[in-house]
Amino acid sequence: MSSDHAAKKYYVTTPIYYVNGQPHVGSALTTVSCDVLVRYQRLLGRETYFVTGTDENATKVQDAAEKAGIPTKEFTDQLAAAFQQCWRALHIEYSDFIRTTEARHVHAVQTVFRILSDRGYIYRDDYEGWYSVSDETFFRDSEVRDGVAIETGKPVVWVKEPNYFFRLSAFHDRLMQHIEAHPDFLQPEFRRNEVIRFINEGLRDMSIARPRRATKGWGIPVPDDPDQIIYVWFDALISYLAATGWPEDPGFAQIWPADLHFMGKEIFVRFHATLWPAMLMALDLPLPTHVYAHGWWVDVEGRKAGKSTGGLPHPVRFAELLMQRSGADFDLAADALRYLLCREMNYEQDVEFSVEKCLLRFNSDLANDLGNLLNRSVNMMLKFYDGVVPADAPVDAEIAQVAAQVREDYARAMSEYRLHQALAAVWRLVGRMNRYIDERAPWALARAAENGDETSRQELATVMYACLEATRIVSILIAPFMPVAADALRAQLGITQPVALARWEDLHWGGLPAGTRVGPPKPLFPRIQDLRVDVQTLTFLTASRPVSKEDTRTVTENTTATAPTPGTPVAPPEQGGNTPLISIEDFAKVELRVGEVLAAEPVPNTDKLLRLTVQTGEDETRTILSGIAEYYRPEELVGRQIVVICNLQPRRMRGIESQGMLLAADVGGRPVLLQPDSIVPVGARIR
Ligand code: MSP
């Protein structure tokens with residue numbers, strides 16, 4: 001690596017968002033993904049520069065302000081603040097937030113305009129053709145049918161106006177040469193092919209200014225011709241340069257070219273893959289290294305979900321919902337949302353956004369899979385080793401190998417921006433470790449070791465070390481996605497080094513030193529009991545409250561809040577009946593213990609019963625049949641702590657002996673399982 005290269009920061013951009021509405025999980029998907037990719041680069045040891053911001057000079061922004069009855073600048077100030085607030089709540093660590101109404105941006109745009117005019121790439125002419133305000137795009141005749149743009153379905157109007165043009169047509173050959181010489185410039189590959197087709201259909205010069213009256217005066221004036229306002233896309237793309245300090249700041253050289261422009265697919269072909277590279281060529285500036293477009297969140301009908309469909313949740317509202325339903329701290333709920341967005345998306349395709357699916361995944365991936373691995377590992381360590389990592393634990397080569405493979409798969413997926421697959425790789429390790437614990441049954445090894453069996457003693461050390469070490473590796477791999485959760489997880493492993501300081505080399509097996517003291521255990525992501533998503537929930541999630549100082553306060557309060565009161569009760573509590581009183585001795589006859597569900601499966605030929613394998617701290621596991629199949633899915637139960645009546649007469653049902661019963665609250669006929677307030681040692685007696 002040359003020293004020049006070493007000094008260059010890894011520069012990532014999100015699109016700058018139109019401020020005609022509040023942020024939602026669409027803009028959050030892109031912003032969170034970029035933040036993840038930036039943190040990943042830091043894990044690899046790169047210095048980074050990360051820019052997001054707001055696109056404020058659009059006609060549709062001006063229209064929205066007018067509709068809201070607020071002066072445009074005031075309106076954009078409020079929304080820009082709302083975006084910043086939202087990103088901070090989601091732990092987005094941007095280096096700079098650029099607003100296109102800022103003087104530094106206006107200066108950069110006017111400088112570009114001057115340079116390109118001087119070089120003959122901008123000329124004046126009349127324009128006649130179709131314009132869509134909603135898309136802020138000029139369309140050709142062939143791109144319009146029945147008054148709408150075919151590509152976007154948005155209405156167009158015929159405009160005839162004096163105009164400035166950018167000589168895009170002059171760049172056909174140079175663009176094609178660059179794309180061919182740099183196969184990974186435009187990604188993913190199938191979208192690169194769309195760009196090649198688009199360019200080969202022929203590039204026409206592009207209108208880049210509009211008369212002042214057409215934009216109602218809102219926007220950046222053409223230098224020396226204040227009656228003309230610069231076209232919003234020409235203006236917006238330049239923000240990527242302006243945020244580096246260009247043209248005056250020498251710091252620009254350490255940042256430009258961008259390593260990655262990351263965005264949704266609708267603004268890829270025309271703007272980021274064609275117009276922008278041509279503008280940079282005209283300026284004699286190097287082109288970005290990678291330009292990547294992901295798919296959309298869509299609604300049930302496959303239409304892009306967003307402001308116009310009114311269907312996408314506000315990210316902070318969604319994190320609040322996760323917080324309320326699970327009882328997790330706001331910061332952990334925000335991390336959970338980051339995880340859910342990146343895991344639910346399939347970056348190359350469109351995905352239907354579903355709140356239900358997110359809640360289910362919260363339970364299965366975070367509360368169950370990750371939560372169990374951590375809680376079981378820490379609890380067993382406390383029980384078998386007083387929480388102190390044993391010295392000289394022999395390495396479990398198979399598990400170390402799985403971890404190494406996962407690390408490789410993760411790196412490959414991240415380098416191709418398939419963030420969902422990087423997470424899937426990590427969860428392969430999490431899943432393997434949960435199965436490993438079941439297979440190796442450390443509790444049995446501990447008993448044998450206590451009885452003097454040396455092999456079991458060694459094996460117990462191997463197994464427990466493998467659990468902790470794999471969890472440590474998981475903490476580093478999840479850190480770009482869930483930075484706060486990763487540190488909380490590490491704290492329980494007894495690791496004091498903040499995960500932000502961890503580097504790729506730390507993923508080698510054996511990093512957790514003997515003598516480390518683990519604990520105390522605390523569930524990071526408590527399970528969500530109430531998975532219902534009704535109209536009220538959706539209204540809460542999508543309601544776009546006006547932005548004000550109020551909003552700022554809510555977020556800061558929430559970010560520092562500890563566990564809130566979990567969600568509202570689902571039904572009024574039932575009245576106490578006339579049950580006879582019992583003595584404490586009577587109650588003591590009931591042996592209630594904390595159990596952990598190891599396996600759950602439906603019982604054939606009935607849709608009411610589930611067959612559970614439950615560990616209650618005894619030598620043998622218990623089989624318990626429970627009539628909860630209509631309310632709980634088997635996969636939701638595995639790994640969960642429950643309350644078991646252990647001294648109930650066994651009872652045969654459907655040919656299977658049920659050895660105990662689970663406790664559940666009866667909520668209008670719906671069972672709601674009881675579980676301890678925090679994870680406790682399995683078998684703990686309930687009195
Ligand atoms: N202002 C322009 C971008 C200028 S960049 C120089 C713009 N803004 S936008 O507010 O409409 O944001 C578009 C971006 O938001 C998309 O490219 C995508 O990154 C994100 N998304 C908006 N809705 C989305 C979905 N429904 N699904 C996925 N991404 C979403 O275009």
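A polar contact is a pair of N or O atoms within 3.5 Å, where, within protein, one atom must be able to donate a hydrogen and the other to accept it. On that basis, and with both residues at pLDDT 80 or more, six residue pairs are in polar contact between domain 1 and domain 2 of this predicted model.

**The interface between the domains**

Domain 1 is made up of residues 321–327 together with 340–570, while domain 2 covers 584–686. To the contact between them domain 1 contributes 16 residues and domain 2 contributes 19 residues. The C-alpha centres of the two domains are 25 Å apart, and the area buried between domain 1 and domain 2 comes to about 1,500 Å², with carbon and sulfur atoms giving 45% of that area.

Two salt bridges are counted between domain 1 and domain 2. A salt bridge also links Glu596 to Arg376, with a separation of 3.0 Å between the closest N and O atoms. On the side of domain 1 that touches domain 2, helix H13 (355–385) and helix H16 (442–450) each supply at least two residues, and H13 gives the most, with eight residues. The residues on that side of domain 1 comprise five nonpolar, six polar and five charged.

**The ligand surroundings**

The ligand is surrounded by 25 residues, of which Ile16, Thr30, Asp55, Trp297 and Ala305 are the closest.

| Residue | Atom of the residue | Atom of the ligand | Distance |
|---|---|---|---|
| Trp297 | polar backbone atom | nitrogen | 2.8 Å |

**Backbone geometry in loops**

Most residues other than glycine have a negative phi, and most peptide bonds are trans. Against that background, the peptide bond from Gln187 to Pro188 is cis, with omega near -5°, and Pro188 sits in the loop between strand S9 (186–187) and helix H7 (189–200). Another cis peptide bond, with omega about 0°, joins Trp256 and Pro257, the latter residue being placed in the loop between helix H9 (239–242) and strand S14 (260–264). Glu136, a residue other than glycine, has a positive phi near 50°, and its place is in the loop between strand S4 (122–132) and strand S5 (137–139).

Terms used:
Residues numbered from 1 in each chain as written. Predicted model: local features only at pLDDT ≥ 70, side-chain atom pairs only at ≥ 80, totals over all residues. Heavy atoms only, no water. Domains from an automatic or database assignment. Contact = heavy atoms within 4.5 Å. Buried area = accessible area lost by both parts, 1.4 Å probe. Salt bridge = Lys/Arg side-chain N within 4 Å of Asp/Glu carboxyl O. Polar contact = N/O pair within 3.5 Å; in protein donor to acceptor, adjacent residues only side chain to side chain. Helix = DSSP H or I, 4+ residues; strand = E, 2+ residues; numbered from the N terminus. Nonpolar A, V, L, I, M, F, W, Y, C, P; charged D, E, K, R; others polar. Near = heavy atom within 4 Å.
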